[in-house]
Amino acid sequence: MADRIGIYPGTFDPITLGHADIIRRGSKLVDKLIIGVTTNPSKNPMFSPEERMAMVEREVASLGLENVEVVGFNALLMHWAEKMGASVIVRGLRAVADFEYEYQMAGMNQQLNENIETVFLMADVSLQPIASKLVKEIAMFGGEIAPFVSSQVREDVKSRVAKLGRRGDL
């Protein structure tokens, strides 16, 4: 019997404690979990694809999960999932707004390949409000992001904010 391969795609800009929670829990559902670090034209990334890959690889290594691999991709998700031999797409949900978007995307993906299932994992209650977009916004205005990201990611974001220049009047 072939290994069950799952993929968890995202931009991970930056990777948060919420992402790490989904990775940890998703890795228990499959034999191999591939974290797909991708680009999204509708998002304004703080980090390059290479920087995000390195960040995700470092965070995954710190989790000590032997069945997780990090791979970059820039393709239609379902084409890439087929190429990776995936039978499952893992997605995290935080709120109703996430569900509406993810539900629509899962339906479209099913139309593209009915053999790949989408599995939704609810974010841990303590991590539900965390979003990469908000982490970046808080950091850009000088707020503390330690409750939302690992200490290493916090330093990465602080360093990038220092290069870009902090916003706000204070």
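Visitor: What makes the largest share of the lining of the largest pocket?

Guide: That share comes from α4, with eight residues; helices (H or I, at least four residues) and strands (E, at least two) are DSSP runs, numbered from the N terminus. The model is predicted, so local features need pLDDT of at least 70 and side-chain atom pairs pLDDT 80 or more, while totals for chains, interfaces and linings use all residues. Residues are numbered from 1 along each chain as its sequence is written, and side-chain values use heavy atoms, without hydrogens and water.

Visitor: Why are some spaces called cavities and others pockets?

Guide: On a 1 Å grid over the protein atoms alone, a cavity is a set of points where a 1.4 Å probe fits but cannot get out, whereas a pocket is an open set with protein on both sides within 12 Å along at least five of seven lines; lining residues have an atom within 4 Å of a point. By this rule there are two cavities of 30 Å³ or more, where a volume is the space filled by probe spheres set on the points, joined across faces, edges and corners.

Visitor: Which residues line the largest cavity?

Guide: Leu77, Ile89, Arg91, Glu102, Met105, Ala106, Asn109, Thr118 and Phe120 line the largest cavity, whose space is about 40 Å³. Here α4 gives the most, with four residues.

Visitor: How many Å³ does the second largest cavity have?

Guide: The second largest cavity has a volume of about 30 Å³, and among the residues that line this cavity are Ile15, Glu59 and Val153.
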